[in-house]
Amino acid sequence: GDHCNIHANSVIGSDGFGFAPNSKKEYTMIPQIGNVIIEDNVSVGSNTVIDRATLDSTIIKKGTKLDNLIQIAHNVIIGENTVIAAQTGISGSTTIGNNNLIGGQVGIIGHLKMGDNVKFGAASKVIKNIKQNQTVFGYPSMEKNEFLKSYIIFKKLPKIQEKIKKLESLLEIK
């Protein structure tokens with residue numbers, strides 16, 4: 001596309017990670033004969049890798065900004081005006097909607113669909129589809145309010161465990 005900025009050491013169009021086991025229980029590479037389409041006003045940070053598709057196209061839509069050290073696997077589609085921070089990995093055949101904000105070190109497994117206007121907290125691990133207009137955190141990723149409630153309980157688990165042990169010992173004495 002026009003007005004794109006591709007920084008040093010980025011790799012665009014490398015083979016996707018496609019292998020199939022053969023009769024000898026060895027892995028044979030599946031030819032990756034697709035391509036990569038980068039639309040207008042896209043920025044690709046240093047050392048970012050965008051794999052070409054197996055048959056079709058890996059697509060980075062207009063206005064998207066990719067930080068350094070990002071892995072975008074084969075057949076991925078990233079929607080318009082999405083921003084992705086460093087050390088994020090997006091596995092194959094995943095679709096990211098428009099206007100998403102993806103924090104650093106987010107991992108997204110393959111074959112998922114992310115809605116529009118989703119915010120991903122840093123270091124989240126996404127293992128299911130995410131609907132539009134959500135904010136998700138954690139591993140596995142969950143909606144922001146659910147994550148915050150769970151985190152409060154998680155921080156208290158050592159004290160809760162102590163109380164349970166005391167109660168168990170009291171019950172054993174009686």
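Is Gln-134 buried, partly exposed or exposed, and what is its relative accessibility?

1. Gln-134 counts as partly exposed, at 24% relative accessibility, where buried means under 20% relative accessible area, exposed over 50%, and partly exposed in between (1.4 Å probe, protein chains only). Gln-134 sits in the loop that runs between strand 18 (125–126) and strand 19 (135–137), strands being DSSP runs of E with at least two residues and helices runs of H or I with at least four, numbered from the N terminus. Leaving aside residues up to four places away in sequence, Gln-134 touches Asn-117, Val-118, Lys-119 and Glu-143, contact meaning heavy atoms within 4.5 Å.

2. This is a predicted model, in which local features need pLDDT of at least 70 and side-chain atom pairs count only at pLDDT 80 or more, while totals for chains, interfaces and linings use all residues. Residues are numbered from 1 along each chain as its sequence is written, and side-chain values use heavy atoms, with hydrogens and water left out.

3. There are four aromatic pairs, for which rings of Phe, Tyr and Trp (its six-membered ring) must have centres within 6.5 Å, with planes under 30 degrees apart counted as stacked, over 60 as edge-to-face and the rest as tilted. Phe-137 and Phe-147 form a stacked pair, at 5.5 Å centre to centre and 20 degrees between the planes. This pair links Phe-137 in strand 19 with Phe-147 in helix 1, 10 residues apart.

4. Phe-137 is partly exposed at 25% relative accessibility, and Phe-147 is partly exposed with a relative accessible area of 21%. Ring pairs join Phe-137, Phe-147, Tyr-151 and Phe-154 into a cluster.
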